[in-house]
Amino acid sequence: MTIETTTGGVLALILIMTLVTLATRFGGVFIMSFVRISPRIESFINTMASSVLIAIIVPMAFGGDAGALAALAVTAVVMLTLKKPLPAIAAGILAAALVRYSL
Amino acid sequence: MKNAAYPYQFQPAKVRSELIRMLPISLFVVAFGAAFGLAAVQEGLGPIESLLMSTLVFAGASQFAAIDMWGAEVSVIPVMVVVFAINSRHLLMGASLYPMLKDVTPAKRYGILLLLTDANWAVSAQEYQSGKRNLEVILGGGLVLWLAWIVGTWLGVYFGGLLQNPKSLGMDMVLGCFLLAMALGGKKNPRVLVAWTLAAVASLAAWKWLPANTHVVAGALAGGVVGYFWLEKKPEEEPAEGAST
């Protein structure tokens, strides 16, 4: 099934994308409202939450260039030493810029 | 709202302070938005259409992927699959906030979920790990991120990309660095480290061998399984859940 990108067609596509995205924003919470939150489920969603971050970042590091790797490595080191997010992020971005500039 | 079934109280002052807290990252979102706006008009979307997409969809990576599939005709099912796959992390993100979200009325619950996105979720989820309940950042932070995305798209549509080459300035790594800083700022114990290791391995395996865009969900679920079977020894946690379920 295809939609022509006339004005109406584009509106329909945007609406479809909106509904699909909305389903992802609402769906997890909706499903959870039928689940009794036992300590086990609570533990599951808590570890899952921080694992989401790892699962975004690790493939980003492996698929990225030297600049991406430098950014993530420097962010990690600064964050673990200073424990402050803003300097860590700034240092990471700076590292990416420097590496890409010098390569 | 002084309802026993929905005890979570939104603090307007905190919503404002969270909004301001997310301002720095929102500036980067403006730059991404501009890149999207530029890409969208180059792919043949009209200015209003591009703005409408950013306003309603508000999910950057999936919007970039969708306009990549744009043409005179667009196949609906592939677009739906790609948008769903990229945004399926929202399912898990929303679920992880449920212990807090169940304490607000359904209208507010689903209302603030409209603004759920990576950055504000990462803050809320991370603070929840250390025992702080913060839905205000979803609302306040989400509002400013949403507005930044719309303003950025508008700038990109009418003025082109703001930066000649955002990548050379490391701008493409802002969100990655932000999310990494959030992860490392959270609780770290052997249980979490094992979960992260498994999540990393599973996400890489999925990234290599499973269909595109499934790696976040695969990795996150793998990490969650560790939590399911390896319960934390309760130190001084919050009072028991379940009173209102």
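A salt bridge is taken here as a side-chain nitrogen of Lys or Arg within 4 Å of a carboxyl oxygen of Asp or Glu. The model is predicted, so local features need pLDDT of at least 70 and side-chain atom pairs count only at pLDDT 80 or more, whereas totals for chains, interfaces and linings use all residues. Residues are numbered from 1 along each chain as its sequence is written, chains are lettered from A and ligands numbered from 1 in the order in which they are written, and side-chain values use heavy atoms, with hydrogens and water left out.

Over all chains, a search of the whole structure finds ten salt bridges. One of them joins B:Lys14 and B:Glu136, with the closest N and O atoms 3.7 Å apart. B:Lys14 belongs to helix α1 (residues 12-21) of chain B and B:Glu136 to helix α10 (residues 136-159) of chain B, so the pair ties together parts that are 122 residues apart in sequence. Helices are DSSP runs (H or I, at least four residues), numbered from the N terminus.

Domain bounds come from an automatic or database domain assignment. For chain B the assignment gives domain 1 (12-187) and domain 2 (188-245). The centres of these two domains of chain B, taken over C-alpha atoms, are separated by 23 Å. In chain B, 16 residues of domain 1 are in contact with 16 residues of domain 2, contact meaning heavy atoms within 4.5 Å. About 1200 Å² is buried between domain 1 and domain 2 of chain B, and carbon and sulfur atoms give 51% of it; buried area is the accessible area (1.4 Å probe) that two parts lose on being put together, summed over both. Of the area that domain 1 of chain B buries against domain 2 of chain B, B:Leu92, B:Lys102 and B:Lys187 supply 44%, more than any other three residues. The count between these domains of chain B is one salt bridge. B:Lys187 forms a salt bridge with B:Glu232, the closest N and O atoms being 3.5 Å apart.

Chain A is divided into domain 1 (1-35) and domain 2 (39-103). Their C-alpha centres lie 30 Å apart.

Between the chains, the contact takes 67 residues from chain A and 88 residues from chain B. Chain A and chain B bury about 6900 Å² between them, with 77% of it on carbon and sulfur atoms. A:Met17, A:Arg25 and A:Arg40 supply 11% of the area that chain A buries against chain B, more than any other three residues. One salt bridge is counted between chain A and chain B. The side chains of A:Arg100 and B:Asp172 meet in a salt bridge at 2.7 Å, N to O.

Helix α1 (residues 7-32) of chain A and helix α8 (residues 106-113) of chain B have axes that come within 9 Å and cross at roughly 140 degrees. Axes are lines fitted to C-alpha atoms, for helices over the stretch in contact, and angles run from 0 to 180 degrees between N-to-C directions. The contact is made by A:Arg25, A:Phe26, A:Val29 and A:Phe30 of α1(A) and by B:Arg109, B:Tyr110 and B:Leu113 of α8(B).

How values were computed. Helices (H or I, at least four residues) and strands (E, at least two) are DSSP runs, numbered from the N terminus.
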